[in-house]
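Subject: Structure handover

Hi,

Here is the structure for you to look over.

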Amino acid sequence: MDFRYYGDEQGFGAGRLITNFDLESESQILPEQLFVEGVDFRAIFAALAEGVALTGNEDFTFDYEYIYLHIRTHEAPAQQDSYTVLPLPLTEFEGMWVGPAPETPPTGARMAITFDDGPHGRFTPQLLDALASRNISGTFFLMGPTARAYPQIVERMHSEGHQIGNHSYSHSLLTRLSSAQIRKEIDDTDSIIYGITGIIPTLVRPPFGGYNDQVLAVMAEMGKSIVNWSVDPRDWYHRNAEIVRDNILAHARDGSIVLVHDIHESSIQGAIMAIDILLARGYNFVTVSELYRLADLELRPGAVYRGLYRD
Ligand code: ZN
């Protein structure tokens with residue numbers, strides 16, 4: 001079941017319905033659908049809340065790890081409603097929970113997480129720290145000007161085993177450009193990356209994922225493969241780490257290519273939270289080239305890739 005929770009963009013605003021939606025039926029998931037019939041789940045909420053006074057009417061959301069109980073509080077001086085969120089581990093509801101459960105990945109399941117539009121001077125080093133401490137590799141699709149602005153970060157990506165791809169120079173929609181202009185967009189960023197790392201990327205992520213026959217022809221001539229994605233958490237829109245995490249978890253599976261932008265702090269936080277959960281489920285994270293190489297597949301110039309399996 002694909003699901004996400006519904007709150008407002010900041011999280012949990014007063015007066016809003018806070019719940020989970022089933023994206024397939026586009027309907028609210030009711031508490032009765034989540035627990036074995038007859039289970040007094042509210043009593044368990046109260047027991048786990050440990051001294052926090054509940055009305056017995058609290059809204060809650062969930063993901064694959066927790067139920068998030070939204071406890072309304074009245075804050076002086078404005079007497080406005082606000083909420084605190086209390087996470088209750090789903091393990092406490094074993095035998096009672098019949099809500100969505102994560103699919104167990106096949107042995108050796110792997111996916112590639114990709115980061116666009118960077119590097120960002122402050123957030124990308126934080127991300128690199130997080131990836132290093134988990135010993136996992138990602139793929140960074142860099143823009144020319146930002147790569148030039150942060151050569152030490154680009155060098156660090158390269159030396160720490162991440163793959164570097166080309167995300168154009170000016171972030172223009174390549175389908176609106178002439179062949180010569182497309183070539184220049186890629187060449188200019190290639191030269192900057194080459195100047196820093198000594199490698200010329202073979203992977204291109206066109207801005208907005210946009211391509212047409214002309215773009216593909218230029219990529220073929222330049223020896224480049226286009227890499228788009230199969231999981232798009234729309235992190236640039238939501239700017240909320242929990243939503244980014246949930247959107248990744250709801251769609252990521254064996255062979256996925258996940259798109260995130262490392263220029264937003266919430267995107268990085270959400271991606272790392274999702275990575276931790278997916279690692280615990282047994283997934284490995286590899287670069288895009290590794291993902292295909294380990295599946296005995298070749299990335300051909302002028303072709304488009306968006307993950308190993310169709311969603
Ligand atoms: Zn982009």
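Predicted model: local features only at pLDDT ≥ 70, side-chain atom pairs only at ≥ 80, totals over all residues.

Residues are numbered from 1 along each chain as its sequence is written, and side-chain values use heavy atoms, with hydrogens and water left out.

His120 sits in the loop between β7 (110-116) and α2 (123-133). Helices (H or I, at least four residues) and strands (E, at least two) are DSSP runs, numbered from the N terminus. His120 counts as partly exposed because its relative accessibility is 22%. The classes are buried under 20% relative accessible area, exposed over 50%, partly exposed in between (1.4 Å probe, protein chains only). Beyond four places in sequence, His120 is in contact with Pro125, Tyr150, Ile153, Asp262 and Ile263. Contact means heavy atoms within 4.5 Å. A polar atom of the His120 side chain lies 3.0 Å from the backbone nitrogen of Arg122.

Ser225 belongs to strand β11 (residues 225-227). Ser225 is buried, because its relative accessibility is 3%. Residues touching Ser225 include Thr202, Leu299 and Tyr305.

Helix α9 (residues 265-281) has 17 residues and spans 25 Å from first C-alpha to last. The expected value is 24 Å, taken as 1.5 Å times one less than the number of residues. Its buried residues include Ile268, Ile272 and Ile275. The buried residues of α9 pack against elements including β7, α2 and α8 (241-251).

Best wishes

Technical notes
Polar contact = N/O pair within 3.5 Å; in protein donor to acceptor, adjacent residues only side chain to side chain.
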